[in-house]
Amino acid sequence: MSMIDIKVAAVEQVTPLVKHFTFVKQDGSPFPAFSGGSHVVVSMNVAGRVHRNPYSLMGSPVDTGSYHISVRKQEQSRGGSVFMHESVEVGTSLQITYPVNLFSLAKKAHKHILIAGGIGITPFMSQLVDLNRLNSSFELHYAFRSPEHGAFATQLKTICNDKLHCYADSKGERLDLTALLSKQPLGTHVYVCGPNPMVVAVIETARNLGWPENHIHSEQFLSPGIGEPFKIQLAKSNIEVHVPAEMSMLEAIEAAGVEADYLCRGGVCGRCEVNVLESDGALLHHDHFLTDAEKASGKKIMPCVSRARCDRLVLDL
Amino acid sequence: MERGYWIRSKPVYTSLLWHEKATSHLVVAQSQGGMAVLKLFQLMHPKQAITVLYMPHAEADYSKTLIKVVPDGLQLLETEQEVLAKLDSVLHGMCMGMRLYIAGSEDFMWSVAKVANKFGIEDAGMMKELTGTLARPIYCVHCKATTHGVTTNIGECSGCGRMLFVRDHFSRKLGAYMGLMIDAESPGELPDIEEIYP
């Protein structure tokens, strides 16, 4: 996969847990333009092991001079977010993929309801630029733990004015999803990015209020879970790969020198899907891509986030 | 037509079924479509608000039965123009959660769909049941006129008079099948014209 060599031009501590990074290209040339909601995968070398994490681009899609991402330091980090927080500073060189958009705005929508929880605000930062430029009707509902954790709230106020609605959990402010979604005009689309319970709540509320599926949009990157170590056989490459507890199958496959396809590395896009040729145990599916039927069939797996509990697992790679 | 061949753009219609999560229902039907509406109410009379717009036709008129079955929310209209104007005004007051059901000829259904599109209701958000006739709306790729109710494999364009071959290729935006001049290379030489969309 072709990568872009970048260096870090600025680092800003935005909240106690969130840092904002500004990237410029190593060779000083402009970045490709992107559409609101896009992400890039940042590749980092953490103590000799390559981590690749997806982050939403949060700058203006038309600003090709620099890219902006924000990283929340995860309590149960496998190393990526801690590395970004503790080891990356102005001047650090990194590699990123070209932008990919799995969370784009619906062009035919008459109104957009954006719902963000915590660090889930990032994909909306670039979408807001598009919405303002197109003079689209929208509302942004942003929930966070407490005012000190409401990253970019001041900046958002300037961009959104009265279209911004903030909810600080510490002050007992709650977003009433049913009230919000039951009185929207025809042609409204809803978008949610945030912690899993919030994403599920928005999807379920909209469905229960009769919203068609194609008016409900969500993005939620998963980080590969830590699990039991296991072994896999790669049929085409004819090798056996050991997957350690805190490494994903995809990472282990890559570390073994086998090139596997990927895009989001967060269980969303479906690009890394691989056929399971044989298995004698349970496949632990963690992705949001395969249907329940596909997961139950045991014939496919997304190696970026899923694992297995078995003695023998043969993949078509 | 080659067996097993199917153009993906050709719409697939189903039988109308209530959407159980809908917060209100809007049913628009014409002629034989009245039977599809009666079948819907046969299944259940939902507790949410219901609006039914029905246009009877010389070929089929289910008005009397509909008045009995749908005592509230039924509006009988005489012409397609009246249906579309009423639809426009009804949609103005509606919210997300409303589900739209359409039954009738393809001409009628896609005229209704065009009004619904203006309100941001996308194709996937409407349920359609084809009733009564297979007659097709045809869009002339030469003069851009739409000819309604074409029942034959080749039809005369209402705009420019060209003889058009009726393709299976369908445009949801235009609400019509593609029509191409059949005798462009040898004027006047026409294959047999047969009724295949009665």
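Chain A holds seven helices and 19 strands, where helices (H or I, at least four residues) and strands (E, at least two) are DSSP runs numbered from the N terminus. The radius of gyration of chain A, taken over C-alpha atoms, is 20 Å, close to the 20 Å that the globule rule gives for 317 residues, so chain A is as compact as a globular protein of that length. The globule rule is 2.2 Å times the number of residues to the power 0.38. The C-alpha trace of chain A spans about 60 × 50 × 35 Å along its principal axes.

This is a predicted model, in which local features need pLDDT of at least 70 and side-chain atom pairs count only at pLDDT 80 or more, while totals for chains, interfaces and linings use all residues. Residues are numbered from 1 along each chain as its sequence is written, and chains are lettered from A and ligands numbered from 1 in the order in which they are written.

Of the 317 residues in chain A, 42% are buried. A residue counts as buried if 20 or more other C-beta atoms lie within 10 Å of its own, exposed if 12 or fewer, and partly exposed in between, with C-beta atoms placed from the backbone. Among contacts in chain A between residues at least 6 apart in sequence, 68% join residues at least 24 apart; two residues are in contact if their C-beta atoms, placed from the backbone, lie within 7 Å.

Chain A is divided into domain 1 (3-101), domain 2 (111-219) and domain 3 (230-315), with bounds that come from an automatic or database domain assignment. The centres of domain 2 and domain 3 of chain A, taken over C-alpha atoms, are separated by 33 Å.

In chain A, five strands form an open sheet with parallel pairing, in the order E10-E9-E8-E11-E12. Two strands pair if DSSP finds at least two bridges between them. Strand E10 (164-168) and strand E12 (216-219) of chain A are the edge strands, each pairing on one side only. From one strand to the next the twist averages 15°; axes are lines fitted to C-alpha atoms, for helices over the stretch in contact, and angles run from 0 to 180 degrees between N-to-C directions.

Strand E8 (residues 111-117) and strand E9 (residues 137-144) of chain A run parallel and are joined by seven bridges. Ala116(A) stands opposite Tyr142(A) in E9(A). Helix H2 (residues 122-133) of chain A packs on the sheet, touching E8, E9, strand E11 (188-193) and E12, and its direction makes about 160° with that of E8(A). Helix H3 (residues 153-160) of chain A also packs on the sheet, where it touches E9 and E10; its direction makes about 155° with that of E10(A).

The loop between E8 and H2 of chain A contains Gly118(A). Gly118(A) is buried, with 22 other C-beta atoms within 10 Å. Not counting residues up to four places away in sequence, Gly118(A) touches Phe144(A), Arg145(A), His149(A), Gly194(A) and Pro195(A). Ser146(A) is 28 residues from Gly118(A) along the chain, and their C-alpha atoms are separated by 9.7 Å.

Chain B is assigned domain 1 (24-130) and domain 2 (136-181), whose C-alpha centres lie 26 Å apart. Seven residues of domain 1 of chain B are in contact with six residues of domain 2 of chain B.

The contact between the chains takes 17 residues from chain A and 17 residues from chain B.
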